[in-house]
Amino acid sequence: MKKILLMDTLSTIHVGNGALLENTIKLCRDAYGECEISIITMDRETNRLKYKDDTLFNAMFGSFWFGKGRLGKFLWAIKNSFFMLAHMVNENTLKIKSEKLTFTEDQKNAIRAIERADICVSCGGEIIGDTFFQALPFWLFTYWLAIKKGKVFILFPQTVGPLKMKWTRALVKMALANSNLFVGRDKASYETLLSLGFDPDKVMFVPDVAIQQVIGEADVHTYFSDNKKKVVGITISNPPQREMGGVVDFVEKIGEQVEQLDPEQFKILIMPSNYVRDGISSDYALCLKLKERLGRCFETEILENRPYFPGEFTGLLSQLEFFISTRMHVAILSTRAYVPTIAINTQHKIRGYMQNINMEHFCVDYSELSKLHYLIQQLTKDRDKIVENLKNNHEILVKKHDVFISRLKAF
């Protein structure tokens with residue numbers, strides 16, 4: 001039985017990350033049959049609700065520097081930079097047992113998990129890029145260590161880039177040089193991987209794994225008192241300013257477009273997809289403001305402030321008339337459920353996905369939000385045709401996964 005380690009899963013408390021985790025496991029099992037899966041995660045507490053505790057390990061660098069003051073961040077960076085340097089020297093010279101060069105139990109357990117594995121998988125989604133450059137060297141170190149220890153290392157379908165800074169490009173190229181397979185989930189990521197000089201025979205374009213999501217059971221109408229009106233789903237979030245620049249008030253811009261709908265025909269379900277364990281996430285807080293605004297015109301409800309696993313969330317999406325999203329993975333899940341979807345292009349990966357399914361016309365940039373109502377009219381007018389197109393394009397994408405599975409079997 002093959003031992004597979006997923007090295008960089010974040011948290012199922014975010015629906016998108018849950019879909020990455022769940023469907024990466026599915027594709028691994030499609031390729032290797034019944035295999036032993038271990039998971040390095042940033043959120044064991046939430047993932048324990050679905051996965052066995054003894055298969056879950058904290059990230060090698062714990063919760064990183066989050067929650068620390070200025071001095072705490074500085075000391076954290078110094079300590080962990082020394083940790084990485086010690087291992088890089090050791091792997092190239094003395095070959096001392098790696099767990100002896102650790103400062104924390106998280107580091108020790110993560111290294112043990114790497115050493116037990118046959119195949120190590122990166123499925124983090126968008127770690128390899130300039131957007132979150134502060135954490136990039138630490139994640140790359142974990143991949144480099146797995147490769148250095150002779151493990152098969154596979155970069156599962158994910159966003160790679162933007163990589164516009166010389167040092168991030170050089171670091172990615174050095175750390176991943178001896179990987180077995182590089183997979184971009186959109187054409188821009190595929191081209192970025194090629195531009196780094198990796199062996200073209202090892203570089204693939206494969207759609208995001210979330211297109212494999214199984215649709216679960218859920219009743220969208222339990223959130224409402226009126227079961228006759230059609231349900232419109234919306235999720236909004238704060239975009240990463242580093243990548244997209246400019247500040248946009250989604251509550252105002254999207255609100256004024258949606259308010260042009262007929263409240264006698266439609267009701268609104270606000271569907272935040274990112275949560276926190278204690279308190280209210282920034283996504284949820286923003287969605288509450290949209291609920292307050294749209295509630296003046298429509299029967300409007302919001303999902304509970306709790307984690308939603310991908311099956312339940314997709315079950316709700318499947319019953320919508322149409323969906324508007326600033327988050328990529330819930331847009332993937334809605335189109336997987338064959339729901340006409342308008343995606344707000346807050347990151348280049350979103351347009352990449354909409355291109356994959358030939359729905360780029362319904363991907364809206366910041367500057368185009370004023371045409372949202374026009375696109376909504378198109379969705380409702382041509383809904384049956386759009387649904388059929390989504391089904392056909394989903395079949396095409398799944399066939400690309402068949403090719404990917406064949407490549408995985410070679411390992």
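To start: which side chain meets that of Asp-43 in a salt bridge? The partner is Arg-277, with an N to O distance of 2.4 Å. A salt bridge here is a side-chain nitrogen of Lys or Arg within 4 Å of a carboxyl oxygen of Asp or Glu.

Before going on, the ground rules. This is a predicted model, in which local features need pLDDT of at least 70 and side-chain atom pairs count only at pLDDT 80 or more, while totals for chains, interfaces and linings use all residues. Residues are numbered from 1 along each chain as its sequence is written, and side-chain values use heavy atoms, with hydrogens and water left out.

Back to the pair. Helices (H or I, at least four residues) and strands (E, at least two) are DSSP runs, numbered from the N terminus. Asp-43 is buried, at 4% relative accessibility, whereas Arg-277 is partly exposed, at 45%. Buried means under 20% relative accessible area, exposed over 50%, and partly exposed in between, using a 1.4 Å probe and protein chains only. Glu-45 joins Asp-43 and Arg-277 in a network of salt bridges.

How many salt bridges are there in the whole structure? The search finds 20. One of them pairs Lys-26 with Asp-30, at 3.2 Å from N to O. Both residues sit in helix H1 (residues 15–32), four residues apart, which means about one helical turn between them. Lys-26 is partly exposed at 28%, and Asp-30 is partly exposed at 38%. Another bridge joins Glu-368 and Lys-371, at 3.7 Å from N to O. Glu-368 is partly exposed, at 26% relative accessible area, and Lys-371 is partly exposed too, at 28%.

Now the cysteines. With a disulfide taken as a pair of cysteine sulfur atoms within 2.5 Å, the count is zero. For Cys-123, the nearest cysteine sulfur belongs to Cys-28 and is 8.0 Å away. Cys-123 is buried, at 4% relative accessibility. For Cys-297, the nearest cysteine sulfur is that of Cys-287, 18 Å away. Cys-297 is partly exposed, at 40% relative accessibility.

That is what I have for today.
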